[in-house]
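Keep the sequence and the structure open beside the text while reading.

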Amino acid sequence: MTKSTGSEPGQNKPAPATPFTVSPIVAGPTCCVPECQIRIEDLAVSYKGVPAFKDVTLDIYRGCITAFIGPSGCGKTSLLSSINRLTDMIAGCSVEGLISIDGQNVRDPTLDVRALRRRVGMIFQKPNPFPLSIRRNLEMPLREHGLTNRAELDSRIEKALKDVGLWPEIHGRLDAPALALSGGQQQRLCIARALVLEPAVLLMDEPCSALDPLSSGVVEDLIESLRGRYTVVIVTHNLAQARRIANYAAFFWVKERAGTLIEFDFCRQLFEAPKHELTAAYVNGQRG
Amino acid sequence: MRESRAFDLSSPRAAWRDLSLQAAAWFAAAIVAGMFLWLLFDLLWHGAARVDWTFLTTTPKSSGRSGGIAPILASTLLILFVAIAVAAPLGLATAVLLSEYTRREGRLGQMIGLSLDVLAGVPSIVVGLFGNAFFCVWLGLGFSILAGGLTLACMILPILIRTTESGLRQVPDEWRLSAEALGMSRATILIHVLIPVAAPALIAGLMLGIGRAMAETAALVFTSGYVDRMPASFLDSGRAISVHIYDLTMNVAGGDKNAYASALVLIALLIIINGIAVALADRALTRRVSAA
């Protein structure tokens, strides 16, 4: 698996050939060569005929953090939920275009959606642990996917909790109700619940926006630590956060009543030398 | 301070209006509370002296003029048992269908919802006639506790389904979404999360249904019958407590005293059941608040 390190590629590198794809890095160790894992082409989502966004084409790179930024209502969340087909659940929602993960067409009607969602975890804006014990929260998805061996369950649960840094805080009270945890802890538990299935991709829909600043910082550090092991796609309204943690950033804006992708680039490039004037205005806080 | 007269509550006119509105509200509340208290007092006055352990545990004598109500209580509880055993699983299943598998604005959901609302409004005497025609005659159950219980089940199903459905609908969607995003099946999330969370609503609905069923007379006269012996099986006819009260009052000269006593027992049972329902609804509310 390719591994991208914390140091961002992009500085002093030739500008990408086309606006929406990033050319491979010319120099540098091979581990830094971006490898496209999720490919999105000409994607459009509409709700009962009203388009949420259209004409979105972009590549999401393995092991990197990609941030979706832009004002509300430009289709970022819709785009995110079309990647794990959560859009299937919404009445009147139709998706057009192509999404593939590791070459596999996500929109294939014969695709096993449950297997897809096992590989593509999702974290929501509001922490939403089930109203059960901490242990049951992590155990249920595993059992659902066929794992029943007690020792294996326990070791997976422990590993996931250690990954999100919750283990030292709660290992003595795994049978306590999950809703008794603080907001930040709940959100980390939700991340652990996604990680316990060992996914390849994590979709995060504003994972910090419902948390207080301290918890938000802890969760942000956690997301940062996932870099390299998971492909993370994060929707965020916190530009500073996107700037701190993302390798790539995609900027969306509403044009002709539908969201559209304005610019996609290395995160630093997008923030420091945006090519589009709308991007410049948005990241500098003049619009949006 | 006198600039805005419209908001000046100290003007005599505004004060008078305020006072009269308050008085009207208090008066209305007093009438309602007074009627209930009068009824309760009347029952206690006429019936309390007769209600004791012997009354609850002996059989009625001389058509109920004297003796107790043991077989009547037994029949009532058996009828209730049949009604709940049939209505609870059916109600839960229908509520799950309505809240989880149909869209609120969809045609199927609306059709079922409409038929439930119509069913809930059907007078109990009509339900009783239906029960008699269907269970007693057509299915050949005769006048029996089984037929009475099944008829009551039909009667309490709408209210049970509606409360359970609204309980399920109040469970936040985020749990359904996160379960879906984890690749979990609907059945798993339903059994492990949604139904436990909605359980207080289900129980509250059941309590409301039981309250209605206990007080039911018209539907039972035609279905479970009049017989005041201790029932030996579900196929025996059995007299429910409300039927007993009706019979003592209307058909048995000198049955008043025991009618009052039986009514007191019935009211006591209803108050207890209502208390349980309120407590459960409270618990459901606090649970939702703490979960939010």
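A crossing of two helices is called right-handed if the near helix is turned clockwise from the far one by less than a right angle, and left-handed if the turn is anticlockwise. The model described here is predicted.

**Helix pairs**

By that definition, helix 3 of chain A and helix 4 of chain A make a right-handed crossing. Helix 3 covers residues 134–144 and helix 4 covers residues 150–163, and their axes come within 10 Å. On the side of helix 3 of chain A, the contact uses A:Arg135, A:Leu138, A:Glu139 and A:Leu142. On the side of helix 4 of chain A, A:Leu153, A:Arg156, A:Ile157 and A:Ala160 take part. Sorted by class, this contact holds five nonpolar, no polar and three charged residues.

Helix 6 (residues 183–195) and helix 7 (residues 213–226) of chain A form another pair, with axes that come within 9 Å and cross at roughly 20°. Are these two helices of chain A roughly parallel or oblique to each other? Angles under 35 degrees count as roughly parallel, so helix 6 of chain A is roughly parallel to helix 7 of chain A. Their crossing is right-handed. From helix 6 of chain A come A:Gly183, A:Gly184, A:Gln187, A:Arg188 and A:Ile191, and these meet A:Ser215, A:Val218, A:Val219 and A:Leu222 of helix 7 of chain A. The residues of this contact are four nonpolar, four polar and one charged.

In chain B, helix 4 (residues 107–121) packs against helix 6 (residues 145–169) at an angle of about 135°, and the axes are 8 Å apart. With that angle, helix 4 of chain B is oblique to helix 6 of chain B. The crossing of this pair in chain B is left-handed. B:Leu116, B:Leu119 and B:Ala120 of helix 4 of chain B touch B:Pro158, B:Ile159, B:Ile161 and B:Arg162 of helix 6 of chain B. By class, six residues of the contact are nonpolar, none is polar and one is charged.

The table sets out the axis values for the pairs.

| Helix pair | Axis distance | Angle |
|---|---|---|
| Helix 3 and helix 4 of chain A | within 10 Å | roughly 120° |
| Helix 6 and helix 7 of chain A | within 9 Å | roughly 20° |
| Helix 4 and helix 6 of chain B | 8 Å | about 135° |

**Burial and the core**

In soluble globular proteins, nonpolar side chains tend to be buried together. The largest nonpolar core in this model has 154 residues, and A:Ala192, A:Ala249, B:Ala83 and B:Ile156 touch the most other members. Helix 8 (residues 186–214) of chain B gives the largest share of this core, 15 residues. Leaving out residues up to four places away in sequence, A:Ala192 touches A:Leu138, A:Ala160, A:Leu161, A:Asp163, A:Val164 and A:Leu166.

Chain A has ten helices and ten strands. Of its 288 residues, 45% are buried. Among contacts in chain A between residues at least 6 apart in sequence, 69% join residues at least 24 apart.

Helix 10 (residues 241–250) of chain B is mostly covered, with seven of its ten residues buried. The buried residues are B:Ile241, B:Ser242, B:Val243, B:His244, B:Ile245, B:Asp247 and B:Leu248.

B:Leu97 sits in helix 3 (residues 70–101) of chain B. It is partly exposed, because 15 other C-beta atoms lie within 10 Å. B:Leu97 and B:Leu202 are 105 residues apart along the chain, and their C-alpha atoms are separated by 14 Å.

B:Ser62 is in the loop between strand 1 (60–61) and strand 2 (66–67) of chain B. Why is B:Ser62 exposed? B:Ser62 has 10 other C-beta atoms within 10 Å, and a residue counts as exposed if it has 12 or fewer. From B:Ser62 to B:Ile191 there are 129 residues in sequence and 52 Å in space, C-alpha to C-alpha.

**Where the chains touch**

In chain B, 16 residues are in contact with 20 residues of chain A. On the side of chain B that touches chain A, helix 7 (173–181) and helix 8 of chain B are the elements that give two or more residues. Helix 7 of chain B provides the largest share, six residues. By class, that side of chain B has eight nonpolar, five polar and three charged residues.

Notes
Residues numbered from 1 in each chain as written. Chains lettered and ligands numbered in written order. Predicted model: local features only at pLDDT ≥ 70, side-chain atom pairs only at ≥ 80, totals over all residues. Axes fitted to C-alpha atoms, helices over the stretch in contact; angles between N-to-C directions. Helix = DSSP H or I, 4+ residues; strand = E, 2+ residues; numbered from the N terminus. Parallel < 35°, antiparallel > 145°, perpendicular 65-115°, else oblique. Contact = placed C-beta atoms within 7 Å. Nonpolar A, V, L, I, M, F, W, Y, C, P; charged D, E, K, R; others polar. Core = buried A, V, L, I, M, F, W, Y, C linked by C-beta atoms within 7 Å. Buried ≥ 20, exposed ≤ 12 C-beta atoms within 10 Å, placed from the backbone.
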